[in-house]
Amino acid sequence: AGLQWDCGQADPHVDGNGVVDATDAAIRSQLAVWRQEASGLPWAKLSSKVEIDIDEVSADIVGFSGYALAY
């Protein structure tokens, strides 16, 4: 199974400095899908595919868990 985020509607300003710049682009390129098996357990970064051109991030998943998109 796979999980995919469409980030096309997300604000391109990521770092909070008031300007959309190369730092924001660098952060977006580091986005990944993270998994948490159960509440209170640590989050694990999954191997993720970031497609900047089409504003998508995806990852293969193996089961039901908590998932988040972060860098």
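**Close-up views of a predicted model**

View 1. Glu-37 counts as partly exposed, at 48% relative accessibility; buried means under 20% relative accessible area, exposed over 50%, and partly exposed in between (1.4 Å probe, protein chains only). The model is predicted, so local features need pLDDT of at least 70 and side-chain atom pairs count only at pLDDT 80 or more, while totals for chains, interfaces and linings use all residues. Residues are numbered from 1 along each chain as its sequence is written, and side-chain values use heavy atoms, with hydrogens and water left out. Glu-37 forms a salt bridge with Arg-35, and their closest N and O atoms are 2.7 Å apart. A salt bridge here is a side-chain nitrogen of Lys or Arg within 4 Å of a carboxyl oxygen of Asp or Glu. Arg-35 is also partly exposed, with a relative accessibility of 22%.

View 2. A search of the whole structure finds 2 salt bridges. One of them joins the side chains of Lys-49 and Glu-51, at 3.9 Å from N to O. Glu-51 is partly exposed, with a relative accessible area of 28%. Both residues fall in strand E4, which covers residues 48-51. Strands (E, at least two residues) and helices (H or I, at least four) are DSSP runs, numbered from the N terminus. The bridge partner of Lys-49 in E5 is Ser-58. Side chains of opposite charge can pair when their charged atoms come close.

**View 3. The open sheet E1-E5-E4.** Three strands form an open sheet in the order E1-E5-E4, with antiparallel pairing. E1 and E4 stand at the edges with a single partner strand each, so one side of each is left without a neighbour in the sheet. From one strand to the next, the twist averages 15 degrees; axes are lines fitted to C-alpha atoms, for helices over the stretch in contact, and angles run from 0 to 180 degrees between N-to-C directions. Two strands pair if DSSP finds at least two bridges between them. Strand E1 (residues 2-6) is joined to E5 by 5 bridges, and Leu-3 has Ala-59 in E5 as its bridge partner. E4 pairs with E5 over 4 bridges, with Val-50 partnered by Val-57. Strand E5 (residues 56-60) is mostly covered, with 4 of its 5 residues buried.

**View 4. The hairpin turn at Asp-55.** The hairpin of E4 and E5 has 4 residues between the strands. Asp-55 lies in this loop. Although Asp-55 is not a glycine, its phi is positive, at about 55 degrees. Asp-55 counts as partly exposed, at 34% relative accessibility.

**View 5. The open sheet E3-E2-E6.** A further open sheet of 3 strands has the order E3-E2-E6, and its pairing is antiparallel. E3 and strand E6 (66-70) are at the edges, each with a single partner strand, so one side of each has no neighbour in the sheet. E2 and E6 are joined by 5 bridges. Ala-32 stands opposite Ala-70 in E6. Gly-40 is found in the loop between strand E2 (32-36) and strand E3 (44-45). Gly-40 counts as exposed, at 71% relative accessibility.

**View 6. The nonpolar core around Val-33.** The largest nonpolar core has 8 residues in all: Cys-7, Leu-31, Val-33, Leu-46, Val-57, Ala-59, Ile-61 and Tyr-67. Such a core is a set of buried Ala, Val, Leu, Ile, Met, Phe, Trp, Tyr and Cys residues joined through side-chain atoms within 4.5 Å.

**View 7. The protein as a whole.** The protein has 1 helix and 6 strands, which follow the pattern β-α-β-β-β-β-β along the sequence. Its C-alpha trace spans about 35 × 25 × 20 Å along the principal axes. Of the 71 residues, 20% are buried.
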